[in-house]
Amino acid sequence: MQLRYGFRLYPNGSQRSALARAFGCARVVFNDALRVRENARAAGLPFVASGELSKQLTASKKTPERAWLGEVSSVILQQSLRDLDTAYRNFFDGLKGKRPRMGAPRFKSRKDNRQSIRFTANAGWKVTPGGKLRLPKVGDVRVKWSRMLPSTPSTVTVLKDAAGRYFASFVVETDPSEVLPETTPEVGIDLGLSHFVILSDGTKIDSPRFLRRAEKKLKKAQQSLSRKAKGSSNRGKARLVVARAHAQVADARREFHHQLSTKLIRENQAIAVEDLAVKGLARTKLAKSVHDAGWSQFVTMLEYKAARYGRTFVKISRFEPTSQVCSQCGVKDGPKPLHVRTWECEACGAVLDRDINAAVNVAKAAGLAVTACGARVRPGLVPAQRDETGTHPKTRRSTARQAGIALL
């Protein structure tokens, strides 16, 4: 399978200028090609093929108006045309129902939060013996290598985010030697807001709420930005402060998701989750908390790590009534409001934790071999035995919490 590895880049002044020039040239080529296709569509002409766009690009580089396109590598200009083809393909596949519907390709702006260029193998890029990344017409860029690449990369994408940071993203092929040894546990996962993950074995891991914890800092930075005059240098500096604050929140959330997903994949042979309608939940009053949790990113990590390490990953339908069915006897007790966290089954009398019961039902719906013992909070009311009657000494309340990964 193909994996993507990202590393931080630290270009110097001249290299940042060269990268800015490359970003701009790739953006202009993309917009020119998009304008040609949009003009053909408005005129009722056939769809302009990629080969024709490539010929027009070669011709435009010989004109005085576009002669500066020759200052950058020709590979990134051709890859910009490939990106446009991919955008159109995704748009048409969405209309045909082959993938989730998405909007038509739009023109890029130099003010976009994310700028990127891509180099393929024939561009001549390489990693130098000194550990730097040599990019054509850019130079040898210093890289912060956090780990070794498992194989020779096929492409490298240079990114610049809203916080002004540069990254190199490598696409590599991995071999099946990374498959983990088989283990026994199989768990179902229920995702929530107060507890981020609830496992069918009764384990609960609290939600870190990175955005909520950083709201005071973000509010102060945003207020400072709003007081700066538009177009001024101070406003640009304040915008970077806001972007870096949001980047810290996103990085902490991503690190939490990586640690937790890796832990679950290593400890369990099979994992089942529910296919949540995140877009629909993001339109409710819980939108900020839903975005702060980042369920989609976490589920995506579980899915690709399960495929990489030889684990089983199952995603059940979002219409499965996991919160309405008793995991002890299987009787459907009907929907319940969100404030009801525990409920008693009218059929068997079991008092169930809403989240753990849902996690057990997720595992059962996926066909995993799990038991429902973790779903019971306390047994139903039964007569006490004779040797159990009477008073008991007061026990000290336990302060131990469920085991989970450390918060960042």
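At 41% relative accessibility, Arg209 counts as partly exposed (buried means under 20% relative accessible area, exposed over 50%, and partly exposed in between, with a 1.4 Å probe and protein chains only). The model here is a predicted one, so local features need pLDDT of at least 70 and side-chain atom pairs count only at pLDDT 80 or more, while totals for chains, interfaces and linings use all residues. Residues are numbered from 1 along each chain as its sequence is written, and side-chain values use heavy atoms, with hydrogens and water left out.

Back to Arg209, then. This residue sits in the loop between strand S10 (204-206) and helix H4 (210-213); helices (H or I, at least four residues) and strands (E, at least two) are DSSP runs, numbered from the N terminus. The phi of Arg209 is near 55 degrees, a positive value in a residue other than glycine. Lys137 also has a positive phi without being glycine, near 60 degrees. Lys137 lies in the loop between S4 and S5 and is exposed, with a relative accessible area of 52%. A glycine with positive phi turns up after helix H3: Gly97, near 85 degrees.

Helix H3 itself passes a simple length check. With its 23 residues (74-96) at 1.5 Å a residue, H3 should span 33 Å, and the 34 Å between its end C-alpha atoms agrees with that; the expected span is 1.5 Å times one less than the number of residues.

Next comes the sheet. Seven strands make up an open sheet in the order S2-S6-S7-S1-S5-S4-S3, with antiparallel pairing (two strands pair if DSSP finds at least two bridges between them). Its edges are strand S2 (115-120) and strand S3 (126-127), each of which pairs on one side only. S4 and S5 form a hairpin with three residues between them, and the turn is where Lys137 with its positive phi is found. Further along, strand S1 (residues 2-10) and strand S5 (residues 139-144) run antiparallel and are joined by three bridges; here Arg8 stands opposite Lys144 in S5. In a regular strand the side chains alternate between the two faces of the sheet.

Now for the second largest pocket, which has a volume of about 810 Å³. On a 1 Å grid over the protein atoms alone, a pocket is an open set of points where a 1.4 Å probe fits, with protein on both sides within 12 Å along at least five of seven lines, and lining residues have an atom within 4 Å of a point. Grid points are joined across faces, edges and corners, and the volume is the space filled by probe spheres set on the points. The lining of this second largest pocket counts 31 residues, with Asp190, Leu191, Ser323, Leu338 and Arg354 nearest its centre. Two or more lining residues come from each of strand S8 (186-191), strand S9 (195-199), helix H7 (278-281) and helix H10 (354-365). Sorted by class, the lining has 14 nonpolar, eight polar and nine charged residues (Ala, Val, Leu, Ile, Met, Phe, Trp, Tyr, Cys and Pro count as nonpolar, Asp, Glu, Lys and Arg as charged, and the others, Gly among them, as polar).

Pro185 and Leu368 are 183 residues apart in sequence, with 9.5 Å between their C-alpha atoms.

Finally, the cysteines. With a disulfide taken as a pair of cysteine sulfur atoms within 2.5 Å, the count comes to zero. Cys25 counts as buried at 2% relative accessibility, and Cys326 as buried at 1%.
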